[in-house]
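Hi,

Here is the model I promised to pass on. Have a look, and my notes follow below.

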Amino acid sequence: MTQKVAVLGTGKIGEALLSGMIRGGWAPADLLVTARRAERAEELRTRHGVTPVTNAEAAKTADTLILTVKPQDMGTLLDELAPHVPADRLVISGAAGIPTSFFESRLAAGTPVVRVMTNTPALVDEAMSVISAGSHASEADLVHTEEIFGSVGKTLRVPESQQDACTALSGSGPAYFFYLVEAMTDAGILLGLPRDKAHDLIVQSAIGAATMLRDSGEHPVKLRENVTSPAGTTINAIRELENHGVRAALIAALEAARDRSRELASGSNNK
């Protein structure tokens, strides 16, 4: 892999991506990074052997630019990059809610842009990265993006019109599971278990359940029914979840996340 790739605004997710790429065969010498603080840039150089550069240098030198700054900082970054990005550079955005048209309107005509929504399990190589092509992105651009993000987990191509829904489901998804584990841990303590034991029971149950969902090919309803004996403990718990509207609350929560992603996109178009 001889293409130079630059990660701009390298935070936790950006660093996880760098680390995964190196494990996947990219040479550190071909990886460039930018960071807001000089000490952060030096930390990345020491830890991974990558080369810290300025944003302008990255735009001039790298074949692929991966923009990982916060959505509210993207407009400022593009203003800085635009004079230096040739139209043949592949630009990959990891910013929630910002459409590819936002980048295309600020960069040279014809610049290929790919939008990616990944999530924090990239830190443990179990990310779900959702990929959408801009109007100028080619099949080769999409394959290259899949190679990069495949180094930290799974990838899935979707039309850009589905990105807001994917952000709600998988971009924010890990937080919902952490929230559920937090609530179940509190319940375990209420039932008389020490926190550490409650935590271990729940985490291993979650890992086992996720593995069954992934590997069994069974519908989640079927897997749940296998645990739910007539007049047993599980059905009593499910009844309480239904009585408290947990299913409806989850649907409403994901709709709220989807709507916020749309708001971010609308805001970006006004900047």
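Is Asp125 buried, partly exposed or exposed? Asp125 is partly exposed, at a relative accessible area of 29%; buried means under 20%, exposed over 50%, and partly exposed in between, with a 1.4 Å probe and protein chains only. Before going on: this is a predicted model, where local features need pLDDT of at least 70, side-chain atom pairs count only at pLDDT 80 or more, and totals for chains, interfaces and linings use all residues. Residues are numbered from 1 along each chain as its sequence is written, and side-chain values use heavy atoms, leaving out hydrogens and water.

Back to the backbone. Most residues other than glycine have a negative phi. Asp125 has a positive one, near 60°, and sits in the loop between strand E6 (113–117) and strand E7 (127–133). (Helices, H or I, at least four residues, and strands, E, at least two, are DSSP runs numbered from the N terminus.) Ala231 also has a positive phi, about 55°. Ala231 lies in the loop between helix H10 (220–227) and helix H11 (233–243) and is exposed, with a relative accessible area of 78%.

As for annotation, an unreviewed UniProt entry lists residues 4–97 as "domain: Pyrroline-5-carboxylate reductase catalytic N-terminal"; positions are in the numbering used here, feature names are shortened, and annotations may be inferred rather than shown by experiment. That span is 40% helix and 19% strand, and its end C-alpha atoms are 27 Å apart.

Cheers
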